[in-house]
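User: Hi! I'm new to this one, could you walk me through a few features?
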Amino acid sequence: MEAFWADFMKKFTMAFITGDRWKLYLKGMCTTLELTACALIIGVVLGVLVAVIRSAHDQQRLGRRSFALWVLNFLCKIYTTVIRGTPMLVQLLIWGMVIFKSSRNRFFVGMLGLGINSGAYVAEIVRGGLMSVDVGQTEAGRSLGLNYVDTMRYIIIPQAFKNILPALGNEFIVLFKDTSLVSSIGAAEVLYYADAVGSKTYQYMFPYFGVAIMYLVFCIILTWLQGKLERRLRQSDRR
């Protein structure tokens, strides 16, 4: 038993203490959080834009169809179908090893790949939220003299946001975990440093378990924050 604990502490020390290697994990997690935030911004902006285009196309009246809107809707359908129908790892490899193979900024490549992937899922989440709002709300906005953009901005989207918050929060958590895939294209996030430590010590168990625990802790915190926000929104509805 003593030999087991002695070996355990030796491997733990090599993985986290020797050479201040714990700083590498913190540095990698900071990069992971930054990568998640940047990719989320891209995904939300792109997703909302695609969702609005598709919703606007579906809500057109017969005899008043816009050809430009039809083209945009067709492109949006291709985008969501391709992105949602192919693995994220494959997409990241295409971005990093084919499209931007000469780029040294692996952070930017990973951010772009994650953001574009997330945008397709956010688009469907937001579109579902927009469809959940009664069509009478849109007609009421039009009767008040608001154009389509203002109706969406001031009436539809605020109501849809409450409906899509759980799904949007889950997408954010999934995106946070999927940042681990950018190590495949050389981006220096937390898993990248865990691999580096493992290759130096020839012991991968502690680095990988350490990274898994870090992800788990942050996911628990994010889930708690999401639940707290949902409860606050429900309380505001009762008032």
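Predicted model: local features only at pLDDT ≥ 70, side-chain atom pairs only at ≥ 80, totals over all residues.

User: At what angle do H2 and H3 cross?
Analyst: The axes of H2 (residues 22-58) and H3 (residues 67-84) cross at roughly 130° and come within 9 Å. Helices here are DSSP runs (H or I, at least four residues), numbered from the N terminus, and axes are lines fitted to C-alpha atoms over the stretch in contact, with angles from 0 to 180 degrees between N-to-C directions.

User: Which residues in H2 meet H3?
Analyst: Leu46, Val50, Ile53, Arg54, Ala56 and His57 do, and in H3 their partners include Leu69, Trp70 and Tyr79. Contact means heavy atoms within 4.5 Å.

User: Switching topic, how many aromatic pairs are there?
Analyst: The structure holds 13 aromatic pairs. Rings of Phe, Tyr and Trp (its six-membered ring) pair if their centres lie within 6.5 Å; planes under 30 degrees apart are stacked, over 60 edge-to-face and the rest tilted. In one of them, Phe12 and Phe206 have ring centres 6.1 Å apart and planes at 80°, so that pair is edge-to-face.

User: Where do those two sit?
Analyst: Phe12 lies in H1 (residues 2-17) and Phe206 in H9 (residues 205-238), so the pair ties together parts 194 residues apart in sequence.

User: Which residues form the aromatic cluster with them?
Analyst: Trp5, Phe8, Phe12, Phe16, Tyr25 and Phe206 form one aromatic cluster.

Definitions and conventions
Residues numbered from 1 in each chain as written. Heavy atoms only, no water.
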